[in-house]
Amino acid sequence: MNEILKKAIETWGKDAQLDMVIEEMSELTKEICKHKRGKSNRAEIIEEIADVEIMIEQLIIMLEIDEGEIGLFKREKINRLADRLGIERTV
């Protein structure tokens, strides 16, 4: 899968793919807003989540981000959330 994502970046360029990250996130936002208004759009939300995840993977490649860096931030944020909720930290 990584090779396909790299080929997409090479084919369309970093600028275009950065724009696509933004576009896909806004499409997910739009579907979430529709859901909040009562629309039954679970399938559309799932599709947009998949698109966003794919674009985030490309963003990680483009910015040469190490997965370990992301993991560190996630753990910190989950621990902070646990503290706010009064839940024992699990990570």
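View 1. Ile-87 sits in the segment after α4 (67–85); helices here are DSSP runs of H or I with at least four residues, strands are runs of E with at least two, and both are numbered from the N terminus. Ile-87 counts as partly exposed because its relative accessibility is 48%. On that scale, buried means under 20% relative accessible area, exposed means over 50%, and partly exposed is in between (1.4 Å probe, protein chains only). Together with Leu-81 and Leu-85, Ile-87 makes a nonpolar surface patch of about 300 Å². Patch members need over 30% relative accessible area and no salt bridge, with like charges joined within 9 Å and nonpolar side chains (Val, Leu, Ile, Met, Phe, Trp, Tyr) within 5 Å. A salt bridge, in turn, is a side-chain nitrogen of Lys or Arg within 4 Å of a carboxyl oxygen of Asp or Glu. Areas are Shrake-Rupley values with a 1.4 Å probe, and for residues only the protein chains shown count as cover.

**View 2. Asn-41, in the loop between α2 (14–36) and α3 (42–62).** With 0% relative accessibility, Asn-41 counts as buried. Setting aside residues up to four places away in sequence, Asn-41 touches Glu-31, Lys-34 and His-35; a contact is heavy atoms within 4.5 Å. Asn-41 and Glu-31 are 10 residues apart in sequence, and their C-alpha atoms are 7.2 Å apart.

**View 3. Helix α3 and what its buried side meets.** Buried in α3 are Ile-45, Glu-48, Val-52, Met-55, Gln-58, Ile-60 and Met-62. These buried residues pack against α1, α2 and α4. After α3 comes Glu-64, with a positive phi near 50°.

**View 4. Ala-8 in helix α1 (residues 2–12).** Ala-8 counts as buried, since its relative accessibility is 11%. Neighbours within four places in sequence aside, Ala-8 is in contact with Gly-13, Gln-17 and Gln-58. Ala-8 and Gln-58 are 50 residues apart in sequence, yet 8.5 Å apart in space, C-alpha to C-alpha.

**View 5. Zooming out to the protein chain, with its α-α-α-α pattern.** The protein chain has four helices and zero strands. Its radius of gyration is 16 Å, while a compact globule of 91 residues would come in near 12 Å; the radius is taken over C-alpha atoms, and the globule rule is 2.2 Å times the number of residues to the power 0.38. The C-alpha trace spans about 50 × 40 × 20 Å along its principal axes. Buried residues make up 21% of the 91 residues. Of the contacts with a separation of 6 or more, 51% are between residues 24 or more positions apart. The chain exposes about 7,100 Å², with carbon and sulfur atoms supplying 58% of that.

**Notes.** Residues are numbered from 1 along each chain as its sequence is written, and side-chain values use heavy atoms, with hydrogens and water left out. Since the model is predicted, local features need pLDDT of at least 70 and side-chain atom pairs count only at pLDDT 80 or more, while totals for chains, interfaces and linings use all residues.
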